[in-house]
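Student: I have a structure open and want to learn how to read it. Can you take me through some features?

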Amino acid sequence: MENCLFCKIINGEIPSSIVYKDDDVVAFKDINPQAPVHILVVPRKHIVSAAEKDASDGKMLSAVFSAIAKIAKENKLDNGFRIINNCGADGGQTVPHLHFHILGGRALGDKVI
């Protein structure tokens with residue numbers, strides 16, 4: 001997508017602190033971290049939200065969750081971490097590109113964030 005913030009990060013048009021990338025996924029540090037570790041995991045394929053994905057996206061979603069596991073291990077989140085996906089405006093999604101937040105590095109408690 002032409003004006004998508006995350007597509008621009010994926011394409012290197014906007015600088016970011018990339019921590020992981022492969023053929024399907026790019027992950028980078030959140031610019032407004034809510035935990036000691038706060039990383040966004042984004043598929044290279046532009047999909048607006050989880051509500052917009054289809055059956056052909058299974059391989060990509062598998063790659064996303066494999067990347068999440070690798071990133072968690074690299075960041076020593078052995079005691080646990082949280083994965084969050086906001087879907088749509090009412091769900092708190094502010095960038096219309098499917099993405100997952102990895103939050104960790106401290107006990108997160110029972111609140112959402």
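**Reading cysteines, rings and a pocket**

Tutor: Start with Cys4, which is buried, at 6% relative accessible area. Keep in mind that this is a predicted model.

Student: Now the rings. How many aromatic pairs does a search of the whole structure find?

Tutor: Read two values for each pair: the distance between ring centres and the angle between planes. An angle over 60 degrees counts as edge-to-face. The search finds 2 aromatic pairs. One is Phe6 with Phe28, edge-to-face, at 5.5 Å centre to centre and 70° between the planes.

Student: Which parts does the pair of Phe6 and Phe28 tie together?

Tutor: Phe6 lies in helix 1 and Phe28 in strand 2, so the pair links parts that are 22 residues apart in sequence. Phe6 is buried at 5% relative accessible area. Phe28 is buried too, at 3%.

Student: And the rings of Phe65 and Phe100: how far apart are their centres?

Tutor: Their centres are 5.4 Å apart, and their planes meet at 65°, so this pair is edge-to-face. Phe65 sits in helix 2 (residues 58-74) and Phe100 in strand 5, so parts 35 residues apart in sequence are tied together.

Student: Last, the largest pocket. How much space lies in it?

Tutor: The general idea: rolling a probe the size of a water molecule over the atoms shows where empty space is left. Here the largest pocket holds about 460 Å³ of space.

Student: Which residues lie nearest the centre of the largest pocket?

Tutor: Phe6, Asp30, Ile31, Leu40 and His101, out of 25 lining residues. The lining divides into 12 nonpolar, 11 polar and 2 charged residues.

Student: Where does the largest share of the lining come from?

Tutor: From helix 1, with 3 residues. Helix 1 (5-10), strand 2 (25-29), strand 3 (37-43) and strand 5 (100-104) each supply at least two.

Terms used. Residues numbered from 1 in each chain as written. Predicted model: local features only at pLDDT ≥ 70, side-chain atom pairs only at ≥ 80, totals over all residues. Heavy atoms only, no water. 1 Å grid on protein atoms, 1.4 Å probe; cavity = no way out; pocket = protein on both sides within 12 Å on 5 of 7 lines; lining within 4 Å. Points joined across faces, edges and corners; volume = space filled by probe spheres on them. Helix = DSSP H or I, 4+ residues; strand = E, 2+ residues; numbered from the N terminus. Nonpolar A, V, L, I, M, F, W, Y, C, P; charged D, E, K, R; others polar. Phe/Tyr/Trp six-rings, centres within 6.5 Å; stacked < 30°, edge-to-face > 60°. Buried < 20%, exposed > 50% of the residue type's maximum accessible area, 1.4 Å probe, protein only.
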